[in-house]
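Please look through the sequence and the structure below before reading on. The report that follows describes how two chains meet.

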Protein chains: 2
Amino acid sequence: MSELPKLDEQLKAHITTLAQPIKDDLLSGAAEIALRAITVFQSALTLLPDGKKNDAPLLKSILTYTASALIEVQPAMATLFHLGNDVLNAIDDASTVKEIEEKTNNTLTRFEQMLCDSVATIAELAYELIEPGELIFAYSFSSTVVSCLLNARARGRFFRVVCTEARPSMEGRKLASRLASGGIEVIHTFDNAMGLVLGNCSAAFMGCDCIARPGVVNKVGSWMLAVACRELKVPLYALSGTEKFVSDERLFEFEKHERPAAEVWDSAPKGVALLNHQFDLVPFDLLSGLVTEQGILKESDLEPYLSRSQNVNSALKLEAASC
Amino acid sequence: MSELPKLDEQLKAHITTLAQPIKDDLLSGAAEIALRAITVFQSALTLLPDGKKNDAPLLKSILTYTASALIEVQPAMATLFHLGNDVLNAIDDASTVKEIEEKTNNTLTRFEQMLCDSVATIAELAYELIEPGELIFAYSFSSTVVSCLLNARARGRFFRVVCTEARPSMEGRKLASRLASGGIEVIHTFDNAMGLVLGNCSAAFMGCDCIARPGVVNKVGSWMLAVACRELKVPLYALSGTEKFVSDERLFEFEKHERPAAEVWDSAPKGVALLNHQFDLVPFDLLSGLVTEQGILKESDLEPYLSRSQNVNSALKLEAASC
């Protein structure tokens, strides 16, 4: 993409406002967040000011800034990266506003369709992993996991789900509510009580935010779940489309996602430092499989996805760390 | 003990009121609770009604009811069982009120002295496990663990402590506050974030409520901690006097300790069952050692303690389970 015009502060502020609700959304899974991001891109397409309605380079700048802003608010979420990246790659060679609009809209539609198809395939595969009458553990909130469980229930499979709070944002409660309203019996407890319930489960499911060679990044607590599952011989599956694969450098962007200390303890005494990290990393050897739209992948199946070169738009390349 | 007179409802209610604060105390460790229970026994000694000040069998009944009430409010806490058991065994052959008072007071004094001596010896041993400049993980609240850490700091050893909330009662915050006010730098986070911090620790400490052949019973989450420690090769020590050993049947009394569902989620939707168990069980093979006043015991050292026959007063024998 050739040199683009700089945005004025007003436009930047407008885009930041559009992206802000996604930063504050700690309860939604990746697929839900991606659908919300699609509407942000749709709004961004309308931001050309009066008098500049035909300024194609300015619209490219707006979309580039939007893509970066969306990645910035949830740096661990691979789906947001790929959505933005697809949009920017699509408009790279567009030269008119009309062409940019068309290519953006086509990309957004294709992306949404891809997400829906992907979840439908994953739900088919997950159905076979849910044994009738058994107890399934599910951690945090993943819209893919919810879709799979509700789909299985709708198809007449009877089972119960155990989930835990997922402190501090309590996505586990959202999961419990969503499943219960879909007719699934849910048992809910504290994160530290996983060991009391996991032993009775026939399988455990989690979503994920991104995947690369070091493993799968997901809500903090996933690593503990994974270690507990191995100890108790409960198979643990990450349910995720292959759009979650990112480069190894991008994977570690999740470490940027530190949350406010006050969420841990709003009246901590002097001398107590607070740590509020949103994610942790589960190495592949702790997973029984990655349930994707390409099938249930074992660790040995992952190499092609891990080494696939990703066509990263120049505007989204990570800067080299300064030494 | 021969057949004792039944207590009237007023006396029973009085004793229940004395024991109640201990039921509600979810923040204190076993040694602290035992010191509070000693004062409950001291109060119980004053309960003989006017006109019955010389009624020795009635005083025995009062003390027996007090012992049972204290065990009932915290069924997992071995120290409460042994305190009550020691008092009842001591007064078994006493025939006058004066003799009962003397024997009870002597037992209480001896028990308190034993706890203090025990903690002092454990602190000596724990000191050697705290490497200078290192990070120590500590879980939940144990007065023995606090004493050991503060003692090491007072002796000039510099180290930092990481601890987590210990939902739902947040004993971890009490631990953090106590340590910070004693000049120890503390890092505090969520229970589900253990995996993010444990890898940087040189050792992990926990207290315990009771010990028998199946393992060590402690605050729920201890099992997760133990599994995570083994995965990360962090040695985990339970710090506890040998007065925590109980019979295998009594160990499982901890399963009685279910707490109110509303502590998990006070507005759970229909279809969501809530589970609030206070304790879990850590098998010995997940511990690097049991730091006691008799030394640091490995699994292979435990047999004499496990098979030691305990002189259980007839009033405190567990009823056989009905089949």
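## Size of the interface

Buried area is the accessible area, taken with a 1.4 Å probe, that two parts lose on being put together, summed over both. The area buried between chain A and chain B is about 3,800 Å², and carbon and sulfur atoms give 67% of that area. Phe190(A), Asn192(A) and Met224(A) supply 19% of what chain A buries against chain B, which is more than any other three residues supply.

This is a predicted model, in which local features need pLDDT of at least 70 and side-chain atom pairs count only at pLDDT 80 or more, while totals for chains, interfaces and linings use all residues. Residues are numbered from 1 along each chain as its sequence is written, chains are lettered from A and ligands numbered from 1 in the order in which they are written, and side-chain values use heavy atoms, with hydrogens and water left out.

## Which parts of chain A take part

If contact is taken to mean heavy atoms within 4.5 Å, then 49 residues of chain A are in contact with 49 residues of chain B. There are 24 residue pairs in polar contact between the two chains, both residues being at pLDDT 80 or more; a polar contact is a pair of N or O atoms within 3.5 Å, where within protein one must be able to donate a hydrogen and the other to accept it, and residues adjacent in sequence count only if both atoms are side-chain atoms.

Helices (H or I, at least four residues) and strands (E, at least two) are DSSP runs, numbered from the N terminus. The elements that give two or more residues to the side of chain A that touches chain B are α7 (171–181), β3 (185–189), α8 (194–197), α9 (222–232), β8 (272–274) and β9 (279–282) of chain A. The largest share of this side, 7 residues, comes from α9(A).

## Strands that pair across the chains

Two strands pair if DSSP finds at least two bridges between them. β8(A) pairs in the parallel sense with strand β3 (residues 185–189) of chain B, over 3 bridges, and Val272(A) stands opposite Val186(B) in β3(B).

A salt bridge is a side-chain nitrogen of Lys or Arg within 4 Å of a carboxyl oxygen of Asp or Glu. The rule finds 4 salt bridges across the interface of chain A and chain B, and the count over all chains comes to 29. Arg167(A) forms a salt bridge with Glu165(B), the closest N and O atoms being 2.3 Å apart. Arg167(A) lies in the loop between β2 and α7 of chain A and Glu165(B) in the loop between β2 and α7 of chain B, so the pair joins two chains. The side chains of Glu165(A) and Arg167(B) also meet in a salt bridge (2.3 Å, N to O).

Most residues other than glycine have a negative phi, and most peptide bonds are trans. A cis peptide bond, with omega about 0°, joins Arg167(A) and Pro168(A), and Pro168(A) is placed in the loop between β2 (160–164) and α7 of chain A. In chain B, the peptide bond from Arg167(B) to Pro168(B) is cis, with omega near 0°. Ala166(B), in the loop between β2 and α7 of chain B, has a positive phi of about 65° although it is not a glycine.
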